[in-house]
Amino acid sequence: YSIALDAVLLDDNVDSCMVIIGTVLLPADLARFLIEARSKFPWKPLSLCVIGNKERYEEVFHLLEKEHLPIYQSPDRAIRALSALNRYRNYLSRIKE
């Protein structure tokens, strides 16, 4: 997962990234993977959608909440959040002109 996410985040044509993953990884491993990605690319918004086991989702949520990484239970919510962030960025760039 790390190699693929690094490749995406290194791309200058990518402004943000949403990771959709099932609860196949242990919560601590998943949290560490995302925290490392954010530390490498702090300027690119990163969100996570965890699908699957509710208990595992809650464990990951608590680990990432401390790191201020957004985590969602559905892709729709994650996309809406990134879309709102993009609209806000566009708004800020317009008022600076």
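Tutor: The model is predicted: local features need pLDDT of at least 70, side-chain atom pairs count only at pLDDT 80 or more, and totals for chains, interfaces and linings use all residues. Residues are numbered from 1 along each chain as its sequence is written, and side-chain values use heavy atoms, with hydrogens and water left out.

Along its principal axes, the C-alpha trace spans about 45 × 25 × 20 Å. The protein chain contains four helices and three strands, which follow one another in sequence as α-β-α-β-α-β-α. These elements are DSSP runs numbered from the N terminus, helices being H or I of at least four residues and strands E of at least two.

Confidence comes next, expressed as pLDDT, the predictor's confidence in each residue from 0 to 100. The protein chain averages 85, and 97% of the residues score at least 70.

Of the 97 residues, 29% are buried; buried means under 20% relative accessible area, exposed over 50%, and partly exposed in between (1.4 Å probe, protein chains only). Contacts, defined by heavy atoms within 4.5 Å, also describe the chain: among those between residues at least 6 apart in sequence, 70% join residues at least 24 apart.

The part in question is Ser 47, which belongs to strand S2 (residues 46–51). Ser 47 has a relative accessible area of 2% and is therefore buried. Apart from its neighbours within four places in sequence, Ser 47 is in contact with Cys 17, Met 18 and Val 19, and also with Pro 70, Tyr 72, Ala 78 and Leu 82.

His 68 lies in the loop between H3 and strand S3 (71–72). Its relative accessibility is 69%, so His 68 counts as exposed. The phi of His 68 is near 60 degrees, a positive value in a residue other than glycine. Most residues other than glycine have a negative phi, and most peptide bonds are trans.
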